[in-house]
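Subject: Structure handover

Hello,

Here is the structure I promised you. Please open it and keep it beside this email as you read.

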Amino acid sequence: ALERTFAFQQYKLEFSRNGISALELMNSMDFDMVLLAFEMQDVSGTEICKMIRACKKFEVIPIMFLSMSKDKDSILKGFNAGAQDFISQPFEEAELLARIKTHLVIKFSREQLVNVNKVLKDKIAEKTGELEKINYQIQELDSNKLNFLRIISHEIRTPLNTLIGPISLIKESLKSKKHKKLLDMMETSASRLERFTLTALAITE
């Protein structure tokens, strides 16, 4: 009857008569949920549940105990073993299906969240790599700029030093105000250029 109910709900169901064969079946196929009998022939249901939880592959798979007992100690043992749910037999099929659907929705939502987090992590890593590349390029450009300013400053200061001194000497020997005015303009321009080179050198230090 249970098999027909699951088939009607388009759930694929696999059976195992004992706990050890159930573990072997789980290792050979992919399952979305486990319905586990509390009383089993070879090993107790709680022991099998612990074995399932011990496998990293199955650590988050939903497990529901099906039991003839309504004893609170048994229910507590089931939860302590790692089960998410416990339903006593006889049970209403509608209730069982509702619980199964709830656990599957939670499982699939968790898997989607994990996938989304992985995509976001990959995107962040990709963007971080791009930013590191851009930062390296900026640093390289800044280094080139400083080198350029340093070279230009030295190249300008050398002829300036040979220009500023003679201008002062020439001004002293000139009597023409017109020529002195031209030399004043030259001296002012040279001084501005010298200040520029000093500023450029200060930036590069």
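Which residues form a nonpolar patch on the surface? Val 116, Leu 120 and Ile 124 do, with about 280 Å² of accessible area together.

First, some ground rules. This is a predicted model: local features need pLDDT of at least 70, side-chain atom pairs count only at pLDDT 80 or more, and totals for chains, interfaces and linings use all residues. Residues are numbered from 1 along each chain as its sequence is written, and side-chain values use heavy atoms, with hydrogens and water left out.

**The patch**

A patch is made of residues with over 30% relative accessible area and no salt bridge; like charges are joined within 9 Å, and nonpolar side chains (Val, Leu, Ile, Met, Phe, Trp, Tyr) within 5 Å. A salt bridge is a side-chain nitrogen of Lys or Arg within 4 Å of a carboxyl oxygen of Asp or Glu. Areas come from the Shrake-Rupley method with a 1.4 Å probe; for residues, only the protein chains shown count as cover. Val 116 sits in helix H5 (residues 93–173). Helices (H or I, at least four residues) and strands (E, at least two) are DSSP runs, numbered from the N terminus. Val 116 is partly exposed, at 45% relative accessible area. Buried means under 20%, exposed over 50%, and partly exposed in between (1.4 Å probe, protein chains only).

**The strands**

Look at strand E1 (residues 34–37) next. Val 34 and Leu 36 make up its covered face, Leu 35 and Ala 37 its uncovered one. In a regular strand the side chains alternate between the two faces of the sheet. E1 pairs with strand E2 (residues 63–67) in the parallel sense, over four bridges. Pairing takes at least two DSSP bridges between the strands. Val 34 has Ile 63 as its bridge partner in E2.

**Helix H2**

Which residues of helix H2 (residues 19–28) are buried? They are Gly 19, Ala 22, Leu 23 and Met 26. These cover an arc of only 100 degrees around the axis, so they lie on the same side of H2. The arc is that of the directions from the helix axis to the C-beta atoms. Glu 24 and Ser 28, on the other side of H2, are exposed.

**The loop**

Val 43 lies in the loop between E1 and helix H3. Val 43 is buried, with a relative accessible area of 19%. Val 43 and Gly 19 are 24 residues apart in sequence, yet their C-alpha atoms are 6.0 Å apart in space. Glu 39 is in the loop between E1 and H3. Glu 39 is partly exposed, at 47%.

Best wishes
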